[in-house]
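Hi,

Here is the structure I said I would pass on. Have a look at it first, and then read my notes below.

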Amino acid sequence: MNFESAYVLTMLGEWNVIVPLFLVLGYFWVRYGGERGRAQARALLVSITSTQIFVHLVKYLVARPRPALGLIDESGFSFPSGHAAIAVAFWGLACLFLYQKIRKPFYKFIFIVLSVMIVAGIGLSRLYFVVHYPSDVIAGYLFGLACASASYFYYLKSQKA
């Protein structure tokens, strides 16, 4: 991994990228996806907002300082990694919903590989820049997974009602 590719990956976990992507996906799901699409947009919104709230609360409760001498400037506390959490909460759940629309097995496989590479790459980029400890990234993935899972179960329940 080099600086430029790590920077692109880390930007995929930034709110100024996540929000516009959510708005575009949400628009298409609401406009063309019927009730199922609206439920997916709601679930994704719940996933990313609950993750963000949860991560900020834990950051201030734990108050772990960031590693010294990071390659980029970051403010705030280190634990858990918000980028890693949002990687799973947004990219993981959005990719799951999009995956369900793909018909051909080969394209499903390619999509899964790319999705895993984005999520893993975001966390690895945070380690590359030395702005998090490995435990921060792992905890971020777990927090994001918890929020994304709860949102997905909310979505499934809304589809059965």
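What follows is a short tour of a few helices and the core between them. Keep in mind that this is a predicted model.

Let's start with helix 3, which covers residues 34–62. Its 29 residues reach 42 Å from the first C-alpha to the last, close to the 42 Å expected at 1.5 Å a residue.

Several residues of helix 3 are buried, including Gln40, Ala43, Leu44 and Val55. Which helices do the buried residues of helix 3 pack against? They pack against helix 2 (15–32), helix 4 (82–99) and helix 6 (134–160).

Now for the core. The largest nonpolar core has 22 residues, and Leu44, Phe90 and Phe97 touch the most other members. Helices 2, 3, 4, 5 and 6 each give two or more residues to this core, and helix 4 gives the most, with nine.

Last, go to helix 1 (residues 3–11). Helix 1 packs on helix 5 at an angle of about 120 degrees, with the axes 8 Å apart, so helix 1 is oblique to helix 5. The crossing is left-handed. Phe3, Ala6, Leu9 and Thr10 make the contact from helix 1, while helix 5 brings residues including Ile118, Gly121 and Tyr128.

Cheers

Notes
Residues are numbered from 1 along each chain as its sequence is written. This is a predicted model: local features need pLDDT of at least 70, side-chain atom pairs count only at pLDDT 80 or more; totals for chains, interfaces and linings use all residues. Side-chain values use heavy atoms; hydrogens and water are left out. Helices (H or I, at least four residues) and strands (E, at least two) are DSSP runs, numbered from the N terminus. The expected span of a helix is 1.5 Å times one less than its number of residues. Buried means under 20% relative accessible area, exposed over 50%, partly exposed in between (1.4 Å probe, protein chains only). Contact means heavy atoms within 4.5 Å. A nonpolar core is a set of buried Ala, Val, Leu, Ile, Met, Phe, Trp, Tyr and Cys residues joined through side-chain atoms within 4.5 Å. Axes are lines fitted to C-alpha atoms, for helices over the stretch in contact, and angles run from 0 to 180 degrees between N-to-C directions. Angles under 35 degrees count as roughly parallel, over 145 as roughly antiparallel, 65 to 115 as roughly perpendicular and the rest as oblique. A crossing is left-handed if the near helix is turned anticlockwise from the far one by less than a right angle, and right-handed if clockwise.
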